[in-house]
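Have a look at the model below before reading on.

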Amino acid sequence: MALEKKQLITLAKTVAKANPSAAVAYSFGDSKYSYKELDETLRKELREIAGTYALYRENKNILFELVEQVINEVLPARVIEQYGSFADIRTFAQGEKAVFSVKASQASKQRAKKFVTKVGLAGVYEVFKLDGYTVEVPTEAWGGAAQIGFEEYLDGRIDMADVVEIINEGLNDCVYREIAKALKAMINEVPGTNKRSGNSFVQSNMDQLLQIADSYGKATIYCTFEFAATMVPDNNWISNEQKNTMWNTGYLANYKGHNVVILPNSFEIGDYETAANTEKVIDPSYAYIIPTGADKPIKVAFEGDAQVREWENKDWSREIQTYKKFGVGLVGLNAGICVYQNTSLSPASKTLVLNAAPGLSPVFN
């Protein structure tokens, strides 16, 4: 028996939130389910309502509502999980101004440079209003679509669970890229005394930055896995415990009493045959040292609900189009934020062109 609409939407949200690598992705009472079991159940249920073109036409509004609710609930939660340690992430009602209160210590109020930056296209940054200790982060609509080939649908080669996943992942990547731009913009605003750079990791450089950051509150180090893997103590005093940790995880989660938080990274979408897996979203050469307790420098605002509609092309293919409004801002109010660059990890600059696969193709901007 097919699930009712409310149950189906709940299942879709559960799958979107679940950790695919966890042994138990979801538990209810004494019952435990793996991610594979949840995902297969969702795919089966979606085939019940949209497994054929006729069923899709009959039930597409249910599918659209499912996509909207998954985006509204899961997208902000996922961003909080990935970036909440250094980004202030909030959801606002449609038409509500995205205003954040900025927390600052008395010392930082007196000494720190106050700025707020919107990350714009082509590296152009616009200053927005800073009124006292509140800041407004403008939002804008970000849209995307999953294209469904008509023949592929008739042949049963299209799975609606893939459509839902593409749309959700695509919007998550849009937020991810804007946060990456904000981190890069932060480098330009950090004073020179708070920066170190070299073609390898040097403990003394990191220690100098930690001394600066710690004076504003115990610092936390945020970096990609690649950078963290280079943060190895001198061989003459590395312990067996540290060696075991490096072997098991690839990096040390603590550097001289400071937590090391790994920033999730991924590759930009490129040509599937020649340019895939070459351009990282976050530049792995940078580490960001941020005092704990300081106001989070990145503000992420989600506004209103996601919207979904269908667009039919001349060849009868369909695009499940969606948009969600969000904005990412950078607020610098703490003079203790520092940046370390290991230039040996800098990626080569390269422009990649999306070359979509046939049948089911992501389109995001």
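Is Arg318 buried or exposed? With a relative accessibility of 10%, Arg318 counts as buried, where buried means under 20% relative accessible area, exposed means over 50%, and partly exposed is in between (1.4 Å probe, protein chains only).

A word on the ground rules. This is a predicted model, so local features need pLDDT of at least 70 and side-chain atom pairs count only at pLDDT 80 or more, while totals for chains, interfaces and linings use all residues. Residues are numbered from 1 along each chain as its sequence is written, and side-chain values use heavy atoms, with hydrogens and water left out.

**The overall picture**

The protein has nine helices and 18 strands; these are DSSP runs numbered from the N terminus, with helices (H or I) of at least four residues and strands (E) of at least two. Of its 365 residues, 47% count as buried. Take the contacts (heavy atoms within 4.5 Å) between residues at least 6 apart in sequence: 76% of them join residues at least 24 apart. The protein exposes about 18,400 Å², and carbon and sulfur atoms supply 50% of that; the areas come from the Shrake-Rupley method with a 1.4 Å probe, and for residues only the protein chains shown count as cover.

**Salt bridges**

Side chains of opposite charge can pair when their charged atoms come close. Here a salt bridge is a side-chain nitrogen of Lys or Arg within 4 Å of a carboxyl oxygen of Asp or Glu, and the count comes to 14 salt bridges. Three of them are set out here.

| Salt bridge | N to O distance |
|---|---|
| Asp162 and Arg43 | 3.1 Å |
| Arg318 and Glu310 | 3.1 Å |
| Arg318 and Glu312 | 3.2 Å |

Back to Arg318, then. Salt bridges that share partners join Lys60, Glu310, Glu312 and Arg318 into one network.

Asp162 counts as partly exposed at 26% relative accessibility, whereas Arg43, at 16%, counts as buried.

**Aromatic rings**

Rings of Phe, Tyr and Trp (its six-membered ring) pair if their centres lie within 6.5 Å; planes under 30 degrees apart count as stacked, over 60 as edge-to-face and the rest as tilted. By this rule the count comes to 13 aromatic pairs. One of them is Tyr83 with Tyr176, which is stacked: the centres are 5.7 Å apart, with 25 degrees between the planes. Tyr83 sits in helix 3 (residues 53-83) and Tyr176 in helix 6 (residues 160-189), so the pair ties together parts that are 93 residues apart in sequence. Both Tyr83 and Tyr176 are buried.

Then there's Phe201 with Tyr340. Their ring centres are 5.7 Å apart and their planes are at 35 degrees, so this pair is tilted. It links distant parts of the chain, 139 residues apart: Phe201 is in the loop between strand 10 (195-198) and helix 7 (203-214), and Tyr340 is in strand 17 (residues 338-342). Phe201 counts as buried at 14% relative accessibility, and Tyr340 is buried with a relative accessible area of 0%.

Tyr83 and Tyr176 turn up again in one aromatic cluster, along with Phe86 and Tyr222.

**Around Ser285**

Which residues is Ser285 in contact with, leaving aside its neighbours within four places in sequence? They are Phe227, Tyr340, Gln341, Asn342, Leu345 and Ser346. Ser285 is found in the loop between strand 13 (258-262) and strand 14 (286-291), and at 0% relative accessibility Ser285 counts as buried. The side chain of Ser285 makes a polar contact with that of Asp283 (2.8 Å), and another with the side chain of Gln341 (3.3 Å). A polar contact is a pair of N or O atoms within 3.5 Å; within protein, one must be able to donate a hydrogen and the other to accept it, and residues adjacent in sequence count only if both atoms are side-chain atoms.
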